There are 2 protein chains.
Amino acid sequence: MSKEKETERGGGDQKKLLMGVLVNCATELKLLLTALLILCSVATLLQFLPSRFTISTSDLRFCISRISTTATGDAATATAIAASINQVAPLISPAVPPPLPDPPRPSIEEEKVLDNGIVKRAFNPHGAAAYNFISMGTYRGGLATFAVIGLSSKPLHVYAKPTYQCEWVPSNSSASPIMSGAYKILPDWGYGRVYTVVVVNCTFSQPINADNSGGTLFLHASTSGGGDTNVDITDRFEVLGESPGSVDFNLFTSKPKYDYLYCGSSLYGNLSPARVREWIAYHVRLFGERSHFVIHDAGGVHPEVMEVLKPWMDLGYVTLQDIREQERFDGYYHNQFMVVNDCLHRYKFMAKWILFFDVDEYIYVPPKNTIKSVMDSLSDYNQFTIAQMPMSSKLCLSADYGRYYRKWGIEKLVYRDTKKGIRRDRKYAIQPRGVFATGVHMSQNLVGKTTHKTEGKIKYFHYHGTIAQRREPCRNLLNVSRIDFEKTPYVLDTTMRDIAWAVKKFEFKMIGDRLQHTKQ
Amino acid sequence: MSKEKETERGGGDQKKLLMGVLVNCATELKLLLTALLILCSVATLLQFLPSRFTISTSDLRFCISRISTTATGDAATATAIAASINQVAPLISPAVPPPLPDPPRPSIEEEKVLDNGIVKRAFNPHGAAAYNFISMGTYRGGLATFAVIGLSSKPLHVYAKPTYQCEWVPSNSSASPIMSGAYKILPDWGYGRVYTVVVVNCTFSQPINADNSGGTLFLHASTSGGGDTNVDITDRFEVLGESPGSVDFNLFTSKPKYDYLYCGSSLYGNLSPARVREWIAYHVRLFGERSHFVIHDAGGVHPEVMEVLKPWMDLGYVTLQDIREQERFDGYYHNQFMVVNDCLHRYKFMAKWILFFDVDEYIYVPPKNTIKSVMDSLSDYNQFTIAQMPMSSKLCLSADYGRYYRKWGIEKLVYRDTKKGIRRDRKYAIQPRGVFATGVHMSQNLVGKTTHKTEGKIKYFHYHGTIAQRREPCRNLLNVSRIDFEKTPYVLDTTMRDIAWAVKKFEFKMIGDRLQHTKQ
C-alpha cells in the first residue's frame, strides 16, 4: 500500500521525508521508478479486473469463471461504480513499487480432500460458446410498447427459461428509469441451430417518452442459469435510442404510407439476375404506386442482381437491407425468421398490408379483380393465406424453339404441376398493426381473424428451383397440353405467359431499356 | 490520481508550475481535483478494457462483442502485455484533468445507409449463454500422453468443428513450451443437452516432464467460430500442474494396485441407505481385498447413505467423490458420461480391471468359479460385457410374511423377469490401459478385443426401481414358483437369496454390527 497515500492522509512528517527522498533521486532513478510504478499498476489492476468488470460490461460477467454471486439489477450499478473507484484507488497510490508480481494467471479451482475423507471435485469453466442475445432491431409498437428482435442461444431456450425485461431511461436525468413487463415469442418453429429467434414484446404501464424529450431503451436478458446454474446473469444493454423530438407519435394513428409492403426473406446464393429483374417489374406493376419492397441481402445480392434492383431503388420502390452480418450467427436458413420479424416491426405503421413470399413466387389476382379489390374484400381479416400454383422449372413450349432464351421465366415456363393430395406451402399477407410476430408461412401471434379461404381471389405461381440457378431453365420443349413428367402430371397453364408482355411494357415505361441485356 | 506522482515524472518547469498551482489551491479543491482525476482515470481505463482483456483472460475474449481479430497463440502474449502498458499509460499522464466524460457505455453498432442506398444492418451480440469448455480432470495416459475430461457446448460440437491442442510449459523457464497433437472423443452417444462430454486425448511426440522437474499442461480449445464466425477464439487454460518430482513414472509399467476397481455413475436422488449398505457389503466380499470402489455423489449421498459408506471408506475400500458441483452444467443425466470417463482415466494405472455398473446391480459368478477365475479367463479381452438378470422390485415370498422388512433386498426380492425378446442393457468391464474413453454400457474407444460371450461365467442381477425409493419394496407376497404379473412372466430365483447370509456374516466380520439398524 502506498506511502504517498499515507502521506496525504498522514501529512506532516511523512510528507517531508518523502520529499527528501525525491530530491535526492537522480533522473534515471525517477524514470525507472515511474516505469516500475506503471508496470505494477497494470499488474495490480489486472488482478482487480474480474470484479471490476461486473460494473460496466454486462456481457462479460457470465464468462468470468470465478463469479459466484449474481447481479440481476441496475440498482447495483451506482454502488458498483463507487466500489470500483475504491478498488482502483490502491492502484494509484504506491510510492515505492512492490516487487513485480507473477504474471496474472486465472486461478483454477482444485479438488480437495475434506475432513470426512470425501474428495470434493472441482469443475473449471472457460470461455464462451454462444451469446446470450444478439439484437437486430428494436421498434415501437405504439405509445407504450416496443418489440426487440434478435437471436438467442438455442439450448438456453430449450433447457432453461431465460427471461426478459425492458427499462426506459429518460434523457432527462431527473426523471427515473421505468421498467416494463415483457414476454418473449419464439417464432421459428423450433428450427434453430446454435441460435433461435426471439421477439421480445415490452409493454409499459404508461406512455414512454410522451414529451419527446428522448431516452434510451435497455433490454435486460436473464439466462436463468442456463449455462451455469451458479450464474443467473442478467445482461443489460441498449436496444433503442430516441433522440429529443425524434418520435412521430402521429405515426401510430395515421394512415400508413404504403398500401402494400413486401417483406422478403434472406436472399442467399448465386441468384439469377434475369429472374429477379422479372420478379420486381411484375410486382411493382401488380401492387402499384403505393407499394414498397424490402429485400434482405444475406449474400445473394451480387453485383448483377444489384444492377436489376438499382433502377427500382432509385424510383423509391425498393429498400435493400444488407444483412450479411447475421451470417456470423448460426441459425435456421440465414436467420430468415429473424429477418421477417424485423421487417414486420420496422414497417408496422408504414403499410396497411405486409406480404410475405419469395422471389421465385408471383402473386396473381384473376381478371376483373385488382389487387385493391381483392385486398379490400379481405380487410376484415388481419391475416389471409394464399394458395400455391407450382410450376415446372424445366418444361417449356416447342413454339418458343430458337428464342426461349430471350423470353422471361414466367413467359416460357408454362407447365403447372397438378399432382393432388400434396400439402403445399402457402404464403400470406397481414395487416401488421395487429401482429406481434411472424413466420415464413403464416403468423401465429396476432389479434383478429385469419382466413385461408382465398381461392378464386388470389393465388401465387411458384417457379421453384429457378431463382438460384444461372443456366437457362428450359430443358424440355413440349407441344402438348398435358404430360406426365418425372412421375408428375403437368398441364399447360399460360396465365402468367399471357401477362408477360404487359409487364415488359410496364418495365420499359418505368425504367427504360437498361435491363434488356440482363443475364440468366 | 496522485499529484506527487506527476511531480516525480514531469520534473523541471512542469514541476514548478504544478507546485504553484498546488500551493494556491485550497484543500477542498485538491480533494475535488483528486476525486475528479480518479473518476476520469477509471472512465478512461474502462474504454481500454476490451482490447486489454485479450491479454490475460482468454476466457473472456469471445464475449467481447467488438473483437474482430483472432488470437490463437501465446506468442502474442508478450507483445500484448507491452501494448497494454502503452494503452494504460495515458491514464497516468494527464496533469490537468479533462472534463468528466460520459459514464462508460458499451458502444453499439448502428445501422447505416451506404452511398448506393443500401441499408447496412448491424447485429449486436451480448453476454454468453454457454461455456466453451468445462474441465473436470486431466490425467496422464503414459510418458507422452494425457487425457482431458470435460464438458463443452453441445451445439458448438453439432454445428461447428471445435478443435483442441495441448501445450506443455516446463517449470524450468529456459526450456521451451511444447505443443501436442490432440483428438477429441464425444462419448455420450449424442445425449447432451446444453453441454456434451468431451475427452481430449493429447499425445506429444516426446516424453513430457521426463526429468520430473515439473511443469504445466494447458489446453487450447478453439471454438472454430461456432457462436460467431467472426470470432474464432482459442481459450487457453491450465488443466494439469505437475510439481517437481511429483510424477511416478514407474506407475505406467508396474503392476496395478487393485485387481478390480468399480467406477460408479452419478448418484442422485433420495437413495435407500439399506440398499446401498447391502450393495457395498456384497461387492466388497465378491471382489475381495485387492478391490476398490469409486462412488460419485451428484446429490444422492445424503447423510444416511454416507453412514453406510463410511465404514468401508475407513477400511480403504471406498473413495467417495463429491461431484455435486457439476449440477451447475446441464448435461445428460448428471453428466454421467463425464464422470465415468474421469474415473477411467483417473484410475487407469491403478487397476487391472475397471467395472462399470450401477448400485442396483449385483455382479454374480456361478458356484465353483471365483471372480478371479472368471476375470482371468477373460484376460485376453480388453473389454467384456455382462448380461442382465432383471429382478422384480415388488414380488416377495409368503414365507417371509411378518419379517420381510428385516430382510435384505437381495434376500426378499426373489422373482426374476423371464420375458423374452427384449434387448436388455448390459454392463461391462475393461482393462483400462487400452481404453481411451468409455460409456455407460460399453466402451467404443479401445484397443484390443471385446467379447459379449460371457454367459455362464458372469452375469448381474438388476433390482431396477429399488435404489431410489425409501419405502419397503415388497408389495406382493407369493408362494408360487412362477407367475404372470402385470403382463410379465416371473420365476422364483433364489440365487442371490442363498448368498445373503454369507454377505451378512462378511459384513459383520469386517465392520461389526453398526449398520444393523439402517433404514430403508
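Tutor: A salt bridge here is a side-chain nitrogen of Lys or Arg within 4 Å of a carboxyl oxygen of Asp or Glu. Asp330(A) and Arg193(A) form one through their side chains, at 2.7 Å from N to O. This is a predicted model: local features need pLDDT of at least 70, side-chain atom pairs need pLDDT 80 or more, totals for chains, interfaces and linings use all residues, and side-chain values use heavy atoms, without hydrogens and water. Residues count from 1 along each chain as its sequence is written, while chains are lettered from A and ligands numbered from 1 in the order written.

Now the domains. Chain A splits into domain 1 (133-249) and domain 2 (255-511), with bounds from an automatic or database domain assignment. Their centres, taken over C-alpha atoms, are 32 Å apart. Domain 1 of chain A brings 23 residues to the contact and domain 2 of chain A brings 20; contact means heavy atoms within 4.5 Å. About 2,000 Å² is buried between them, as accessible area (1.4 Å probe) lost on being put together, summed over both. Carbon and sulfur atoms give 72% of that area. On the domain 1 side of chain A, Met136(A), Tyr139(A) and Trp189(A) supply 31% of the area buried against domain 2, more than any other three residues. Between the two domains of chain A, the count is one salt bridge. Over all chains, the count is 54 salt bridges.

Chain B has a further example. Glu167(B) and Arg236(B) pair through their side chains in a salt bridge, at 2.7 Å from N to O. Glu167(B) sits in strand β6 (residues 163-170) of chain B and Arg236(B) in strand β11 (residues 234-242) of chain B, so this pair ties together parts 69 residues apart in sequence. Strands are DSSP runs (E, at least two residues), numbered from the N terminus.

Technical notes. Buried area is the accessible area (1.4 Å probe) that two parts lose on being put together, summed over both. Helices (H or I, at least four residues) and strands (E, at least two) are DSSP runs, numbered from the N terminus.
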